[in-house]
Amino acid sequence: MARSAGKKRLSLKLGFSFFLFGLINNVLYVIILSAALDLVPPSTPKGIIAFCNITPALIVKLGWPYFLKGRIRYARRIVGCCTLSFIGMLVVAFHESLYSRLLGICLASFSSGLGEMTFLQLSTTYSRSVGGRSVGYFASGTGAAGIVGAFMWWELRGLGVSTGVGVSAVLPFILPLAYFFLLPRPAAFMHQSSSLSYTLVPADDLETEIDDLSAHDDVESRVEPKVSVGLSAADKWRLVKPMLLKYMLPLFCVYTFEYTINQGVAPTLLYPVPSHGLISKIIHSVRDYYPLWQLVYQTTVFFSRSSISLGLKTLPAHLLPAPAIIQFVILLLLVFESAVGLLPEDREGGSIFLVFMLISIEGVCGGLAYVNVFYRINQEQPDPASAHNPEITKQEREFKIGSIGFADSSGILLASILAVPTEMELCRAQVARGKFLCRGL
């Protein structure tokens with residue numbers, strides 16, 4: 001009984017740690033997107049916020065795994081991410097200049113991109129069964145970040161940008177606290193059958209295990225000597241090539257369509273302020289629609305990204321492109337609703353409900369694509385050519401899950417570029433048919 005309780009407690013600590021990693025790492029990103037209307041002047045397209053919020057993260061995900069060699073220093077990375085996020089949010093909070101705020105957003109974006117890659121790579125330092133759960137909890141945390149971030153800004157925006165963003169700047173300090181004082185080290189799961197106790201993650205590198213079959217009981221096997229081996233450019237290309245169509249393309253398409261909707265179409269999905277019904281309790285001004293759509297989207301993303309941690313089955317490999325196809329259809333429908341209207345103008349309540357449903361499906365598709373792709377990469381078997389070398393196998397697992405983030409970030413970057421002309425053209429189309437709400441933002 002005590003042994004079972006110890007295993008459960010260990011798993012809870014692991015799950016909560018990775019959930020916090022996903023939540024805190026992504027929450028600032030969501031706050032910035034949710035605050036887009038408040039951070040830039042009305043005449044500035046909100047897509048510029050998405051552009052600055054993703055480009056530095058894309059640079060990190062493109063450069064770090066492909067050009068960095070050798071072991072990952074997890075402790076240094078996490079402390080660095082915390083510091084950069086804190087500084088970036090302070091710059092956004094206490095500088096009213098547009099360019100200064102964009103610089104602060106870039107710093108926070110760099111930190112978020114590096115953090116996401118780091119925590120996903122950290123999941124590979126555990127056995128596959130434990131690592132798979134870690135990815136599920138991390139994805140659930142990133143989904144929760146959407147709800148928490150959107151809700152936080154919904155509540156904090158009344159305080160103004162300086163106070164609202166300034167309060168959120170303290171959140172990154174949770175990352176190193178969880179890493180040093182809560183997260184169990186991988187060896188605890190290797191030997192949990194023989195000992196219920198575990199030690200906390202040291203300030204130095206984590207000792208790593210490759211998979212369940214590579215675990216050894218002797219102490220020497222857990223204290224690896226410093227090594228200088230690393231993956232060459234040819235090794236990395238060999239690992240990336242089979243993932244291009246299988247994982248990267250579906251993820252790229254999902255995020256391109258998803259963020260084009262969120263940053264280019266959603267700001268134009270505006271209706272007169274309702275005077276009765278449930279929606280009138282939520283919408284008090286035209287400016288409330290955009291954060292409402294963000295909240296609906298982030299809520300459904302949370303539930304779909306939590307599918308694995310809730311014990312639901314993963315998508316079959318042949319269905320990984322399905323979310324992208326559905327996202328494209330939703331994009332077309334919402335563009336048509338914004339420009340022309342799917343329902344007559346006297347049925348605004350029906351239009352609001354239709355948009356609510358479409359954005360909900362959008363969030364479900366985006367969350368399922370994210371968690372299933374990263375889970376499947378975490379569970380892939382090592383290359384037989386390098387299976388004889390545990391250090392190389394470890395670095396290959398870290399590289400593969402770290403390199404895939406380039407796909408979603410490049411999709412978001414493309415969407416942020418598309419969002420600017422999309423928002424402007426949709427607003428022009430609305431004005432041409434006598435709907436001027438988008439001009440009042």
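**Helix pairs and burial**

Analyst: The axes of helix α6 (residues 128-156) and helix α15 (residues 348-379) come within 9 Å of each other and cross at roughly 160°. The model is predicted, with local features needing pLDDT of at least 70 and side-chain atom pairs counted only at pLDDT 80 or more, while totals for chains, interfaces and linings use all residues. Residues are numbered from 1 along each chain as its sequence is written, and side-chain values use heavy atoms, with hydrogens and water left out.

User: Why are α6 and α15 called roughly antiparallel?

Analyst: Axes are lines fitted to C-alpha atoms, for helices over the stretch in contact, and angles run from 0 to 180 degrees between N-to-C directions. Angles over 145 degrees count as roughly antiparallel. The α6 and α15 axes cross at roughly 160°, so the pair is roughly antiparallel. The crossing of α6 past α15 is right-handed, meaning that the near helix is turned clockwise from the far one by less than a right angle.

User: Which residues of α6 and α15 meet?

Analyst: R128, G131, G132, V135, F138, A139 and T142 in α6 meet Y370, V371, F374, Y375, N378 and Q379 in α15; contact means heavy atoms within 4.5 Å. By class, the residues of this contact are seven nonpolar, five polar and one charged.

User: What makes α4 and α5 roughly antiparallel?

Analyst: The axes of α4 (residues 74-94) and α5 (residues 98-123) cross at roughly 155° and come within 8 Å. By the angle criterion α4 and α5 are therefore roughly antiparallel. Here α4 passes α5 in a left-handed crossing. The contact of α4 with α5 has 17 nonpolar, eight polar and two charged residues.

User: Is S307 buried or exposed, and how do you know?

Analyst: Buried means under 20% relative accessible area, exposed over 50%, and partly exposed in between (1.4 Å probe, protein chains only). S307 has 6% relative accessibility, so it counts as buried. S307 is in the loop between α13 (289-305) and α14 (322-339). Leaving aside residues up to four places away in sequence, S307 touches L312, L368 and V371.

User: How many residues are in the largest nonpolar core, and which have the most contacts inside it?

Analyst: The largest nonpolar core has 110 residues, and F21, W293 and L334 have the most contacts inside it. Such a core is a set of buried Ala, Val, Leu, Ile, Met, Phe, Trp, Tyr and Cys residues joined through side-chain atoms within 4.5 Å. Helix α1 (residues 2-34) gives the most to this core, 13 residues.

Definitions and conventions: Helices (H or I, at least four residues) and strands (E, at least two) are DSSP runs, numbered from the N terminus. Angles under 35 degrees count as roughly parallel, over 145 as roughly antiparallel, 65 to 115 as roughly perpendicular and the rest as oblique. Ala, Val, Leu, Ile, Met, Phe, Trp, Tyr, Cys and Pro count as nonpolar, Asp, Glu, Lys and Arg as charged, and the others, Gly among them, as polar.
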